[in-house]
Amino acid sequence: MGRFATTAALYDQFRPPYPTAFFQEVAERLGLNERQTLIDLGTGPAPLALGFAAYVGRVFAVDPEPSMLEAAREAVMRAGQEIMLVQSRAEDLPEDVGRFDVVSIGRALHWFDESALGPLFERLVAPGGVVAVCASFSATDGRNAWLEEYTAARRAWSDERLWSQSKYGERVHRELSSPFERTTFCAGEVIRVETTKQTSVADLAQRVLTYSSSSPAALGEKVEPMLRDVEARLMPFEPQQCSHRDRCNDRANRTPSVTTGRECKNTF
Ligand SMILES: C[S@@+](CC[C@H](N)C(=O)[O-])C[C@H]1O[C@@H](n2cnc3c(N)ncnc32)[C@H](O)[C@@H]1O
């Protein structure tokens, strides 16, 4: 069973989503159009593939995890979109899968074999094309007063080894020059779109289950105690005027971002 197998059912509902304004901004800045093709690697339940589908002609979405692809299939059907779903690790895609104007990767780059990234991008990215590394997360600049306690709770309940891997993922998104180092691509433009969303304490507790280090499989019988503990830790951050817990919300500023990488020799 893959590390994301038991997160699939919860992922779409509880992870910070990518807002519509994000796709509009990226589409405009990259000049996306319906003659272009996009492949989304590590698609999960396909939030990026679906978000970009309105701006390009053809979309492929790739993930090795069957339950994630099933969640993607349901999301694609709900949206009434046509997206080609492919079950594969990015590194194992067949040679004849084609070339794409955009290769998007959302919150997944750190799970790929770094030594395979160079050859992978070279065969997937069409001339003049772009790699778009995307992420969406709660702002870490102090505006989310609950975030520090929340991160401490996540760490306390996480599998130690998987926690280190997900922390590595955050570093990869902060310092993209490192994964691009052994490729002919280099980190380019950063596009950030900030939006605000109200998220309940109960939903923030459920979000813990969407991370591989604290998935239902990783936690086993500790799921319920974890949910109760996270809710209790976040309670002090509930707005005082709320009388009923379920109607109280915490503010979560989300900053989805994309960093584009183009072939150095062509663009920079
Ligand atoms: C955190 S989810 C990201 C989902 C979505 N792209 C997003 O932005 O929210 C990471 C996904 O990467 C997938 N993944 C892990 N290793 C992979 C690989 N080698 N190739 C392609 N996808 C992979 C996992 O199965 C999982 O669905």
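Predicted model: local features only at pLDDT ≥ 70, side-chain atom pairs only at ≥ 80, totals over all residues.
Me: Where does helix α4 lie, and how many residues has it?

Reply: Helix α4 covers residues 66-79, which is 14 residues. From first C-alpha to last it reaches 20 Å, close to the 20 Å expected at 1.5 Å a residue.

Me: Which residues of α4 are buried?

Reply: Start with the general idea. An α-helix has 3.6 residues a turn, so residues three or four places apart point the same way. In α4 the buried residues are Met68, Leu69, Ala71, Ala72, Ala75 and Val76. Seen down the axis of α4, these fall within an arc of 155°, so they line one face of the helix.

Me: What covers the buried residues of α4, and which residues are exposed on the other side?

Reply: The cover includes α1 (8-14), α3 (47-53), β2 (58-63) and β3 (84-87). Met77 and Arg78 are exposed on the other side of α4.

Me: What follows α4?

Reply: Gly80 does, with a positive phi near 65°.

Me: How many residues surround the ligand?

Reply: The shell holds 22 residues, and the closest are Gly42, Gly44, Glu65, Gly106 and Trp111. By class, eleven are nonpolar, five polar and six charged. Both α3 and β2 supply at least two residues each to this shell.

Me: Where is the pLDDT below 50?

Reply: Take the overall values before the local ones. The mean pLDDT of the protein is 87, and 89% of its residues reach 70 or more. Residues 240-252 have pLDDT below 50, with 26 contacts in the model beyond near neighbours in sequence. Residues 264-268 are also below 50, and that stretch has nine such contacts.

Terms used: Residues numbered from 1 in each chain as written. Helix = DSSP H or I, 4+ residues; strand = E, 2+ residues; numbered from the N terminus. Expected span 1.5 Å × (residues − 1). Buried ≥ 20, exposed ≤ 12 C-beta atoms within 10 Å, placed from the backbone. Arc of directions from axis to C-beta. Contact = placed C-beta atoms within 7 Å. pLDDT = per-residue confidence, 0-100. Near = placed C-beta within 6 Å. Nonpolar A, V, L, I, M, F, W, Y, C, P; charged D, E, K, R; others polar.
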